[in-house]
Amino acid sequence: MLDERARTLLKTLVERYIAEGQPVGSRTLSRASGLELSPATIRNVMADLEELGLIASPHTSAGRVPTARGYRLFVDTMLTARPLSLEQMPPDIAAVREQLHPDQPQRVIAQAASLLSSLSNFVGVVSAPRKASVFHHIEFLRLGERRVLVIMVAPDGDVQNRVIFTVRDYTQSELVEATNYLNTHYAGLSIEEVRERLKHEIEALREEIGALMQAAVQAGSEALAESTEQVVVSGERNLLGVPALGNDMGSLRKLFDVFEQKTELMRLLDVSSRAEGVRIYIGGESRVVPFEELSVVTAPYEVDGRVVGTLGVIGPTRMAYDRMIQIVDITARLVGNALSVK
């Protein structure tokens with residue numbers, strides 16, 4: 001546990017380093033902290049903070065810089081980021097409202113990613129709204145021995161086709177029976193609700209029909225997950241300017257693979273969507289962006305009171321966290337408002 005003197009010096013050091021990007025020396029800390037301490041006392045406190053892993057001393061300088069652990073303590077206990085109302089937005093963030101056009105959800109998502117990138121000068125990421133995974137109508141067609149085509153129609157008319165391979169062969173009359181049963185008893189329910197009901201009703205169904213319906217539910221879940229672009233990324237090139245990454249081609253290659261494949265990013269945003277408000281991952285804490293030099297700031301967004309996606313900023317650990325929190329928080333609210341417009 002740090003005493004008040006050590007906390008003040010750490011807070012001052014982090015704020016100076018974020019603002020100037022240069023290692024912070026004892027003399028600068030003495031002036032900026034407002035504490036009447038001798039240079040020797042400050043050096044002793046710095047040595048203690050370094051031993052705790054909160055700051056580090058680059059080889060080329062007598063000054064200190066925060067570590068990921070130091071940033072974590074700063075964000076958790078020293079940062080006073082005040083959420084802004086939409087009326088209190090700074091002019092550059094207020095411009096977001098004018099640029100989010102709700103005519104097409106996918107366009108709103110692309111615009112939001114681009115705006116997050118331009119406002120932060122880092123990388124903007126936005127997960128597309130999850131489609132309502134609802135059974136509206138389903139049909140089974142026999143394609144051949146143990147091969148069945150599943151046709152699923154969503155409430156908005158979107159049609160998804162999936163070929164499933166079954167344990168045994170089905171006649172078309174059996175497939176019609178399964179089609180009628182599903183449409184009669186499960187139409188209008190979400191895929192998860194159908195999955196839960198089948199767990200309890202499977203024993204009452206003929207074994208072969210129950211197995212077919214379970215396969216259909218799995219196929220429906222996979223088809224809906226693949227039906228839209230899951231994550232939109234903007235501003236990847238901004239990270240080329242991060243000194244610790246720009247000279248390390250191996251790290252950059254791994255990072256750009258994360259952006260290109262998007263699967264891991266989707267997992268991170270999905271986890272973040274279950275939390276309330278803004279979340280901050282520092283120096284690889286997310287395990288998705290596994291770099292000591294990078295942080296991720298995320299927030300979920302809601303449509304009609306329901307969380308449907310997540311957005312955020314990926315940038316260097318040396319970022320103005322108070323501003324990033326405001327950018328991410330306000331953009332999440334504006335995206336939710338834009339997508340809620342009928």
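Biologist: Which residues make the nonpolar surface patch of about 300 Å²?

Modeller: Leu143, Val163 and Phe165 make that patch; patches consist of residues with over 30% relative accessible area and no salt bridge, nonpolar side chains (Val, Leu, Ile, Met, Phe, Trp, Tyr) being joined within 5 Å and like charges within 9 Å. Accessible areas come from the Shrake-Rupley method with a 1.4 Å probe, and for residues only the protein chains shown count as cover, while a salt bridge is a side-chain nitrogen of Lys or Arg within 4 Å of a carboxyl oxygen of Asp or Glu. This is a predicted model, in which local features need pLDDT of at least 70 and side-chain atom pairs count only at pLDDT 80 or more, whereas totals for chains, interfaces and linings use all residues. Residues are numbered from 1 along each chain as its sequence is written, and side-chain values use heavy atoms, with hydrogens and water left out.

Biologist: Is Phe165 buried or exposed?

Modeller: Buried means under 20% relative accessible area, exposed over 50%, and partly exposed in between; Phe165 has 63% relative accessibility and therefore counts as exposed.

Biologist: How should I read Arg279, and where is Arg279 found?

Modeller: Strands (E, at least two residues) are DSSP runs numbered from the N terminus, and Arg279 belongs to strand 8 (residues 279-282). Arg279 counts as partly exposed because its relative accessibility is 31%.

Biologist: With which residues is Arg279 in contact, leaving aside neighbours within four places in sequence?

Modeller: Contact means heavy atoms within 4.5 Å, and on that basis Arg279 touches Val271, Ser272, Val296, Val297 and Thr298. The C-alpha atoms of Arg279 and Thr298 are 5.3 Å apart, although 19 residues separate them along the chain.

Terms used:
Helices (H or I, at least four residues) and strands (E, at least two) are DSSP runs, numbered from the N terminus. Buried means under 20% relative accessible area, exposed over 50%, partly exposed in between (1.4 Å probe, protein chains only).
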